[in-house]
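Dear colleague,

I am handing over the structure we spoke about, with the sequence and the coordinates placed just below. My notes on it follow, and I would be glad if you read them with the model open beside you.

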Amino acid sequence: MEFKICDNCNMIFQYKGSGDVLCPSCTKKDDEDYEKVKAFLAENPGAGEEEIAGGTGVSMKFIAKLVKDDRITIKGQNNQGLTCKYCGISIQSGKYCADCKRKFALEPGAVRIDGTGMRFLRR
Ligand SMILES: [Zn+2]
Ligand SMILES: [Zn+2]
């Protein structure tokens, strides 16, 4: 067990060793916000980040994080120019296109994706 400082509220908490550095109460709030955003998107497909923030009261920063983590997909100007880091086709969210992600999933161990990009483990 390891103690860390919550990224969001600066409280010291016991870190489980994976995922975001967030204390249990911020994790719970994030999950609630995520549910709100998901529900809003279900009712307003195609809504942009600003609309979602206005409609749910969730911060734009959090919405951007959800997009980056590939938990939601937003069709908006903010995502223009986003391309797959591997094959370069344009994508809506995340770092890789669906095809590439499927390819990686089919070849476990062949490539590894982490914060700095992709690494080939075997050649
Ligand atoms: Zn916190
Ligand atoms: Zn791709």
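**How the helices cross**

H1 and H2 are roughly perpendicular to each other, a label given to angles of 65 to 115 degrees, whereas angles under 35 count as roughly parallel, over 145 as roughly antiparallel and the rest as oblique. Please keep in mind that this is a predicted model, in which local features need pLDDT of at least 70 and side-chain atom pairs count only at pLDDT 80 or more, while totals for chains, interfaces and linings use all residues. Residues are numbered from 1 along each chain as its sequence is written, and chains are lettered from A and ligands numbered from 1 in the order in which they are written.

The axes of helix H1 (residues 24-43) and H2 cross at roughly 115° and come within 10 Å; axes here are lines fitted to C-alpha atoms, for helices over the stretch in contact, with angles running from 0 to 180 degrees between N-to-C directions. The crossing of H1 and H2 is right-handed, the term for a near helix turned clockwise from the far one by less than a right angle, with anticlockwise giving left-handed. On the H1 side the contact involves Lys36, Val37, Phe40 and Leu41, which meet Ile52, Gly55 and Thr56 of H2, contact being counted if C-beta atoms, placed from the backbone, lie within 7 Å. By class these residues are four nonpolar, two polar and one charged, where Ala, Val, Leu, Ile, Met, Phe, Trp, Tyr, Cys and Pro count as nonpolar, Asp, Glu, Lys and Arg as charged, and the others, Gly among them, as polar.

Helix H2 (residues 49-56) also meets H3, their axes coming within 9 Å and crossing at roughly 125°, which makes H2 oblique to H3. This crossing of H2 and H3 is right-handed as well, and the contact is made by Glu49, Ile52 and Ala53 of H2 with Met60, Ile63 and Ala64 of H3. Five of the residues in the contact of H2 with H3 are nonpolar, none is polar and one is charged.

**The chain and its hairpin**

The chain holds four helices and four strands, in the order β-β-α-α-α-α-β-β; helices (H or I, at least four residues) and strands (E, at least two) are DSSP runs, numbered from the N terminus. Strands E1 (residues 2-5) and E2 (residues 12-15) run antiparallel and are joined by four bridges, strands being paired if DSSP finds at least two bridges between them. Lysine 4 has phenylalanine 13 in E2 as its bridge partner. Six residues lie between the strands of this hairpin, and asparagine 10 takes a positive phi near 65°.

Asparagine 10 counts as exposed, with 8 C-beta neighbours inside 10 Å. In the loop between H3 and H4, aspartate 70 has a positive phi of about 70° although it is not a glycine, and with 14 C-beta neighbours inside 10 Å aspartate 70 is partly exposed.

Isoleucine 72 lies in the loop between helix H3 (60-68) and helix H4 (98-106) and is partly exposed, with 19 other C-beta atoms within 10 Å. Beyond its neighbours within four places in sequence, isoleucine 72 is in contact with Val37, Lys38, Leu41, Leu66 and Val67.

Note on methods: A residue is buried if 20 or more other C-beta atoms lie within 10 Å of its own, exposed if 12 or fewer, and partly exposed in between; C-beta atoms are placed from the backbone. Two residues are in contact if their C-beta atoms, placed from the backbone, lie within 7 Å.
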